[in-house]
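Q: Please go through this model with me. I want to know what stands behind each term that is used.

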Amino acid sequence: MSNTNKEYSAAVSRVIAARASRTAPLARSDILLHQHFSVTQEHKELQLPAWRDYLDRFLDVPVKRSQLEQGFRGELDTYLLSDMVYLDSRTASFTQARSNARISTDNVRDFVFHIAVEGIIETTTNTPRARSSQYLPGILALDLGQPMTMMRPTAARVLAFFLPRAMVYAAVPDAEAIHGRVISYTTPLTRLILERVRTLCNAMPMLPAAQQQQAIRTCAELILTAFSKQQRMNGQGRAAVRAAMQSQIEEYIQANLHREDLSPDTVMRAFPVARATIYRMFESQGGLHAYIRHCRLREAAYELVTLPQLAVADIGLGLGFNSASDFSRAFSRQYSVSPRDYREQSL
């Protein structure tokens, strides 16, 4: 792959990664950059490796020997705006993925909305475990902060909108929950998106830059609106599920207050819920770590009165505090009195 293509790929990745904190509405006067990338001119055995290298900054593309022998058709038109990236890719069969290992080493945290125009796409997500198939055109939402594997078992044409995390959060309630979800064209709004998609597919090369921007932004806004409406319709059911899950987590914490290793990490290992979702559950209580400490201090207050034969330090150490002084300071901050004085006053 040429240095020019590598530099442009890097620029695309930087824009995808750099807009996570943007909260302003979509701008209308951005400069649009466009590049066409193709592996056609590469030697047959180098075509898929060249494609892999182009996507390497945020995706893993495994390469099979049979693919090297057969060659690979892949071309990509990238439209780079100041706060989003739009891609139009036409490829042969291949697989792309974001693993936990990849996520832990990069800072790409945007959402990407895939529209299957031609071919089949099968996407597997891990949190929650789900498989989404797009045999017919539809819109697939993916959170690049969560793992996924996307297979294109046939030749396919796919449009992709990379939108900043802050922009999606502002528009879609409980945004992490749409990871792996597909919306089909069954409502007036989604059918309007389909019309806009046809414009992007057929008319983009002929449009002036300003109209290209407008077409991309309009489609992105409609996609966010569609997912926002679906999330709000499902909101009541999701709220009930979250409330039930939070109750289970609280019961687990209460039952394990005396475990030395009780921590946010052990709680998250015990429950198949996204880390961000658990943190939001306990946000109003200062976070999960603060909630665990509050419960331990409340239990300590109970034991100071009901177990007078135990030393104050033993109660604190038995509830996971690192030392008697750490326990005393935490207890005094919460109850405005030392553990020893609390016991004496209560007795």
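Q: What makes helix H2 count as lying across strands, and which strands are they?
A: Helices (H or I, at least four residues) and strands (E, at least two) are DSSP runs numbered from the N terminus, and contact means heavy atoms within 4.5 Å. Helix H2 (residues 47-55) lies across E1, E2 and strand E3 (85-91). Its direction is at about 20° to E2, where axes are lines fitted to C-alpha atoms, for helices over the stretch in contact, and angles run from 0 to 180 degrees between N-to-C directions. Helix H6 (residues 188-203) runs at about 110° to E10 and lies across E3, E5, E8, E10 and E11.

Q: How far can the coordinates be trusted, and how are residues numbered?
A: This is a predicted model, in which local features need pLDDT of at least 70 and side-chain atom pairs count only at pLDDT 80 or more, while totals for chains, interfaces and linings use all residues. Residues are numbered from 1 along each chain as its sequence is written, and side-chain values use heavy atoms, with hydrogens and water left out. The chain averages a pLDDT (the predictor's confidence in each residue, from 0 to 100) of 84, and 84% of the residues score at least 70. Over residues 18-29 the pLDDT is below 50, although this stretch has 23 contacts in the model beyond near neighbours in sequence. Where pLDDT is low, the predicted coordinates should not be read in detail.

Q: Why are E1 and E11 called edge strands?
A: Two strands pair if DSSP finds at least two bridges between them. The open sheet of 7 strands has the order E1-E2-E3-E10-E5-E8-E11, with antiparallel pairing. Strands E1 (33-38) and E11 (182-184) each have a single partner strand, so one side of each is left without a neighbour in the sheet. The twist averages 15° from one strand to the next.

Q: How do you know that E1 and E2 pair?
A: The rule asks for at least two bridges, and 6 join E1 to strand E2 (residues 74-80), the two running antiparallel. Phe 37 has Leu 76 in E2 as its bridge partner.

Q: What makes a space a cavity, and how many are there?
A: On a 1 Å grid over the protein atoms alone, a cavity is a set of points where a 1.4 Å probe fits but cannot get out; lining residues have an atom within 4 Å of a point. By this rule there are 2 cavities of 30 Å³ or more. The largest cavity has a volume of about 160 Å³, a volume being the space filled by probe spheres set on the points, which are joined across faces, edges and corners. Leu 59 and His 114 are among the lining residues closest to its centre.

Methods
1 Å grid on protein atoms, 1.4 Å probe; cavity = no way out; pocket = protein on both sides within 12 Å on 5 of 7 lines; lining within 4 Å.
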